[in-house]
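Me: I would like to go through this model with you, starting with one residue and then moving to the whole chain. Here it is.

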Amino acid sequence: MMAVAQPTMPGESRWERVARFWRRAPNSFRIGAVVLLIHLFVAATGPFWAPYGLSQMGTGIPLAGMSWAHPFGVDQLGRDIFSRVVHGAHIVILLSLSGTFLGLVIGAVVGLISGYVGGWIDEILQRLIEALISIPFLVLALIAIAAAGPQLAGQPILIILVVALVYAPRIARMARAAAVDIATRDFVTVARLRGEGAWSVMRRELLPNASGVLLVEFALRAGYAPVLIGSLGFLGFGMRPPTPEWGLMISENRALLIVSPVTVLGPGLTLASLVVGLNLFTDGLARILGRTVRLADA
Amino acid sequence: MSILRLVIGRVLLSLLTLLLVSIIIFAIIEVLPGDVASRILGRDATPETLAALRERLHLNDPAIQRYLSWFGGMLQGDFGNALTSARPITEILAPRIFNTVLLSAVAFGIYLPLALIPALIQATHRERPVDHGLSVVTLILLSMPDFLLATVLMILFVIMIPVLPAISLVVETSTVSQYARALVLPATTLAIVMAVYAVRMLRDNLIEVLESEYIRMAELKGLPRRKVLLRHALPNALVPTLNVTALNLGYLIGGVVIVEKVFGFPGFGSLLVDSLQLRDVPLIEATVLIAAAVYIAANLLADLGAILLNPRLRAG
């Protein structure tokens with residue numbers, strides 16, 4: 001099952017090594033990686049080849065339904081939904097990844113400190129983490145957005161901060177558990193006896209050994225971030241029109257669902273395919289690293 | 001009595017968490033950045049209206065004093081008055097909570113068979129096409145945002161096969177059948193989302209249990225397959241699933257926000273969104289605190305359940 005850290009075969013090029021890793025990787029990893037690569041490709045190059053502009057109106061008959069020229073139909077304002085989905089790809093992916101990454105950094109730092117330093121700092125941090133997790137995540141995200149006020153509303157930075165706020169305590173809890181576990185190992189004791197300070201032990205001993213846990217945790221959370229961002233957009237608390245964020249598009253086109261369902265299904269299924277890809281990739285990654293994934297969100 | 005101490009400790013911890021949550025909510029909404037009154041009024045603010053609103057919300061008092069009177073009132077069941085309608089919050093909340101509890105109960109009723117049956121089929125047909133097929137289906141459903149799932153169900157049962165209402169609006173005078181029709185789609189959406197998590201976990205647990213020696217023993221004894229599965233395997237596989245059910249309850253509290261909004265169901269979740277849109281600060285604080293309290297209580301019950309179901313702890 002273990003496919004990482006294979007010894008290099010003599011006379012093997014880097015490409016051959018990658019190919020060998022790929023052959024041995026679990027199916028879920030391979031399918032997930034392919035789906036993700038397609039999404040990343042669209043996100044990176046989409047704005048250059050999308051058939052119509054981001055909010056170009058009059059591209060076709062409004063609500064005309066599916067056709068070769070408009071695979072996802074045309075919305076009420078005559079905008080081509082497919083082009084908007086393509087233009088929106090990098091927004092969804094960038095917001096998800098940067099929000100999750102910020103959450104990972106904060107969560108990892110807090111969790112490692114809490115788990116390694118222990119004592120009353122640990123107690124306080126744990127209670128605080130517990131309290132933040134006890135507010136249902138969507139509710140926490142909504143009140144944070146409401147509290148940020150009108151100046152920040154609809155700004156990408158607010159979405160990133162909110163995703164980080166939701167994920168940081170959850171990631172911190174995992175990081176703390178990993179730190180507590182690693183801190184009992186001999187090499188940590190040795191490092192401490194060598195006279196290394198707490199900060200240095202955390203950075204040089206704990207962090208590298210917790211990286212597997214953190215990587216899986218990052219992938220798992222990043223897989224859910226598009227849904228969270230989409231939910232916020234859907235409820236009208238995320239990005240503002242005319243941003244082509246997929247959740248927001250679903251809510252915009254829902255009013256005329258009965259006339260043209262494809263305008264909702266297009267962005268919806270694109271969002272779902274991104275999440276399927278991320279979930280499969282995470283599942284495969286966890287198998288490669290020899291860990292089990294908790295699919296449910298705690 | 002170590003178990004009693006364990007239980008009391010867990011309960012006290014939950015109360016402490018609830019206290020912290022109330023402080024966090026208060027801090028996020030009232031203390032952090034800037035002035036509540038100008039945030040509520042937005043662009044319509046004039047110095048006079050600002051002063052009047054500040055007076056009404058007691059914003060001129062120090063934050064600690066405001067927090068104490070808010071939390072103290074809440075402990076006595078007094079949530080104060082809503083800002084927009086000036087009605088007592090308890091009066092606004094009561095019918096909404098009733099509706100959401102009803103919705104959740106129906107959702108749980110659909111959730112149980114929806115979780116159990118596919119998991120049993122998968123575990124008994126392990127690594128066969130049915131198992132793989134169901135795994136793919138659950139993975140796709142797992143990746144589907146709840147608002148999308150709700151919309152797909154709506155396309156299916158409102159537009160393509162028009163049997164159900166698009167808007168699940170109920171009022172206090174609605175008949176039972178109106179309620180039932182209104183509840184089907186939102187409850188099914190919630191049930192599917194919850195079941196998907198449980199199916200995947202229950203399948204793995206069942207497979208693990210089915211490989212254990214006492215199941216082999218029961219099979220060798222000549223017990224019918226159905227009896228082995230339902231009497232011996234299922235109860236043991238259910239215990240770890242208890243955790244998922246608690247998680248699902250947690251999901252449910254956030255899930256109702258989306259699902260009620262999609263279907264226009266007048267419950268607690270749509271009240272929360274409405275109060276946020278209207279910037280009705282007292283109503284927001286009350287609904288968020290209740291949502292968190294329910295979540296904490298659900299987790300507490302799951303933990304207590306796990307303590308009580310664990311024979312090693314029970315004996316001690």
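Me: Which residues does A:L36 contact, leaving aside its neighbours within four places in sequence?
Reply: This is a predicted model. In it, A:L36 is in contact with A:L274, A:G277, A:L278 and A:F281, once neighbours within four places in sequence are set aside.

Me: Where is A:L36 found in chain A?
Reply: A:L36 belongs to helix α2, which covers residues 27-49 of chain A.

Me: And is A:L36 buried or exposed?
Reply: A:L36 counts as buried, because its relative accessibility is 14% and the cut-off for buried is under 20%.

Me: What separates the C-alpha atoms of A:L36 and A:W199?
Reply: The distance between those two C-alpha atoms is 36 Å, with A:L36 and A:W199 lying 163 residues apart along the chain.

Me: Changing topic: how many helices and strands does chain A have?
Reply: Chain A has 10 helices and 0 strands. Read from the N terminus, the order of elements is α-α-α-α-α-α-α-α-α-α.

Me: What does the C-alpha trace of chain A span along its principal axes?
Reply: The span is about 75 × 55 × 30 Å.

Me: What share of chain A is buried, and what is its accessible surface?
Reply: Of its 298 residues, 54% count as buried. The accessible surface of chain A is about 13,200 Å², and carbon and sulfur atoms contribute 68% of that area.

Me: What about contacts between residues 24 or more positions apart?
Reply: Such pairs make up 70% of the contacts in chain A that have a separation of 6 or more.

Me: Lastly, how many positive and negative side chains are there?
Reply: Chain A carries 23 positive and 16 negative side chains, and the centres of these two sets are 3 Å apart.

Notes:
Residues numbered from 1 in each chain as written. Chains lettered and ligands numbered in written order. Predicted model: local features only at pLDDT ≥ 70, side-chain atom pairs only at ≥ 80, totals over all residues. Heavy atoms only, no water. Helix = DSSP H or I, 4+ residues; strand = E, 2+ residues; numbered from the N terminus. Buried < 20%, exposed > 50% of the residue type's maximum accessible area, 1.4 Å probe, protein only. Contact = heavy atoms within 4.5 Å. Areas by Shrake-Rupley, 256 points an atom, 1.4 Å probe, with all protein chains shown as cover. Lys, Arg positive; Asp, Glu negative; His and termini not counted. Charge placed at Lys NZ, Arg CZ, Asp CG, Glu CD.
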